[in-house]
Amino acid sequence: MGMDLRKKASSDKTTALQCDADGKLRHDAIARIGHSKDKIIYTRLADMKPKMLEEEDESFQKPDEETIAQQTEATRLALEKITSTKAWFYKCVASALPVRHAQKPNPVQYIRYTPSQQGGGHNSGAQQRIIRMVEVQQDPMEPPKFKINQKIPRAPPSPPAPVMHSPPRKTTVKEQADWKIPPCISNWKNPKGFTIALDKRLAADGRGLQ
């Protein structure tokens, strides 16, 4: 089976030599490899030049009524085939889904009620009453009556981004001297009256850093 596929693939990539009307080789056959015969491929310089259309040219004539009717019927049959396939698919999917019927209300109940207080001044003079018990119709669009303030825990945070450190190396004497920052000494304020050496004042002035 593998040999057959290899032979088929090799045969698809090879084409026979063809010549045009002038006896020159047709190199446009290479561009048609892998395409259908009905596909139009422009490979010559003459294809890019404008052409003068003539009224007697049959390729630019309007099709007759019989051809139009045939194409219309073929298009209608193709569309009907597509729509019938989709309708059958949707019908199969709908039949597979569970059917949820509307909830039927409970049947009406009649309750005979006999009041404890009997007399003409109570219960409009009636000795018994018949109560008709009906279930209240529920509105499907009614919002929920109870609010559930349920706190959903947060998702775990994303892992921290890795910090790319340079490889460790020994610091030189110059770098150590550059990292020595002199203490902050003010030339205007000295509330505690400390005696500050002159070199410390000059170092705090920033003249040595210039």
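Glu175 is partly exposed, at a relative accessible area of 29%; here buried means under 20%, exposed over 50%, and partly exposed in between, with a 1.4 Å probe and protein chains only. Its partner is Arg169: the two form a salt bridge, with the closest N and O atoms 3.6 Å apart. Arg169 counts as exposed, at 63% relative accessibility. A salt bridge here is a side-chain nitrogen of Lys or Arg within 4 Å of a carboxyl oxygen of Asp or Glu.

A quick word on the ground rules. This is a predicted model, in which local features need pLDDT of at least 70 and side-chain atom pairs count only at pLDDT 80 or more, while totals for chains, interfaces and linings use all residues. Residues are numbered from 1 along each chain as its sequence is written, and side-chain values use heavy atoms, leaving out hydrogens and water.

By the salt-bridge rule, the count comes to four. Including the pair above, here are some of them:

| Salt bridge | N to O distance |
|---|---|
| Arg76 and Glu73 | 2.3 Å |
| Arg76 and Glu80 | 2.6 Å |
| Arg169 and Glu175 | 3.6 Å |

Now have a look at helix α2, which covers residues 65-96. Helices are DSSP runs (H or I, at least four residues), numbered from the N terminus. Which residues are linked in a network of salt bridges? They are Glu73, Arg76 and Glu80. Glu73 and Arg76 sit three residues apart in α2, about one turn of the helix. Arg76 and Glu80 are four residues apart in that helix, also about one turn.

Glu54, Glu55, Glu56, Asp57 and Glu58 form a negative surface patch. Patches take residues with over 30% relative accessible area and no salt bridge, and like charges are joined within 9 Å. Asp and Glu count as negative, and the place of a charge is taken as CG of Asp or CD of Glu. Accessible areas come from the Shrake-Rupley method with a 1.4 Å probe.

Glu58 counts as exposed, at 72% relative accessibility.

Note on methods: Helix = DSSP H or I, 4+ residues; strand = E, 2+ residues; numbered from the N terminus. Patch = residues over 30% accessible without salt bridge, like charges linked within 9 Å, V, L, I, M, F, W, Y side chains within 5 Å.
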